[in-house]
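Good morning. Please have the structure open on your screens while I talk.

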Amino acid sequence: MMKVTERLKAEHGVLLMLLDHLEERLKSGADRCVLQATAATVAAAEEKHALFEERLLFRMVAASLGPESPVVSSLLHEHDRIAQLGRRILSGDFDEGTVGAYLAGLREHIERETHRFFPLIDELVSEEKLVAVSNWDAEHVAWEAMSNRQRFEEWLSRS
Ligand SMILES: [Fe+2]
Ligand SMILES: [Fe+2]
């Protein structure tokens, strides 16, 4: 059985491939509308990925280290910054530098999560729990449980 951190690392691999594709298009001087459409695909995948991380992993860490944990707030800040750059590109208010900043920002974020944040999660949370939540967003019932915040917090706080 796969731990949620392993699943998200595999998603990072796909996101990095999409970023390579976007960078190739940027370097080859692709049209703005091509850059915009390519960035839109990356941003849609990253948005779902980040939401899953926030709803599950960030809350697991907050439950363990406290809601004010700087680890969580700095990662949330990075998610906001990346989403903001993505929205700027989608709005049409962008240049090559904006796309470059999006590429660099998301790659650095992925690096930090993969090598610092996920190992911390693996230390703080039991393997059993990490396996149990790995497919939660694919299971309808689980999303309902997650939207019932109190029940979800209760579940999270059980070790
Ligand atoms: Fe993230
Ligand atoms: Fe991530």
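First, the ground rules. This is a predicted model, where local features need pLDDT of at least 70, side-chain atom pairs count only at pLDDT 80 or more, and totals for chains, interfaces and linings use all residues. Residues are numbered from 1 along each chain as its sequence is written, chains are lettered from A and ligands numbered from 1 in the order in which they are written, and side-chain values use heavy atoms, with hydrogens and water left out.

Now the fold. The protein chain has seven helices and zero strands, where helices are DSSP runs of H or I with at least four residues, strands are runs of E with at least two, and both are numbered from the N terminus. Along the sequence the pattern therefore reads α-α-α-α-α-α-α. The chain has 159 residues, and 40% of them count as buried. Buried means under 20% relative accessible area, exposed means over 50%, and partly exposed is in between, with a 1.4 Å probe and protein chains only.

Next, the metals. Which residues coordinate the iron ion that is ligand 2? They are His12 and His49, each through NE2, and Glu53 and Glu113, each through OE, at 1.9 to 2.2 Å. A donor here is an N, O or S atom within 2.8 Å of the metal (3.2 Å for Na, K and Ca); water is not among the atoms, so sites may look incomplete. Along the chain, the donors of ligand 2 follow the spacing H-x36-H-x3-E-x59-E. Glu53 lies in helix H2, residues 32-65, and Glu113 in helix H4, residues 96-124, so this pair ties together parts that are 60 residues apart in sequence. Glu53 is buried at 0% relative accessible area, and Glu113 is buried at 1%.

Why is the arrangement around ligand 2 called irregular? Its four donor atoms subtend angles of 80 to 172°, which makes it so. The rule is that four donors are tetrahedral if all angles lie between 85 and 135 degrees; four are square planar and six octahedral if opposite donors are over 155 degrees apart and all others between 65 and 115; anything else is irregular.

His79 in helix H3, residues 70-91, and His109 in helix H4 are 30 residues apart, and the pair links distant parts of the chain. Both of these histidines are buried. Glu53 bridges the two iron ions, ligand 1 and ligand 2, which lie 3.2 Å apart.

Back to His12 for a moment. It is in helix H1, residues 4-27, and is buried at 2% relative accessible area. Leaving aside residues up to four places away in sequence, His12 touches His49, Glu53, Ile110, Glu113, Thr114 and Phe118. Lys9 is also in helix H1, but at 37% relative accessibility Lys9 is partly exposed. With the same exclusion, Lys9 touches Thr114 and Phe118.

Last, the rings. There are two aromatic pairs. Rings of Phe, Tyr and Trp (its six-membered ring) pair if their centres lie within 6.5 Å; planes under 30 degrees apart are stacked, over 60 edge-to-face, and the rest tilted. Phe58 and Phe117 are edge-to-face, 5.4 Å centre to centre with 90° between the planes. Phe58 is in helix H2 and Phe117 in helix H4, 59 residues apart. Phe117 and Phe118 are tilted, at 6.1 Å and 50°. Together these ring pairs link Phe58, Phe117 and Phe118 into a cluster.

Technical notes:
Contact = heavy atoms within 4.5 Å.
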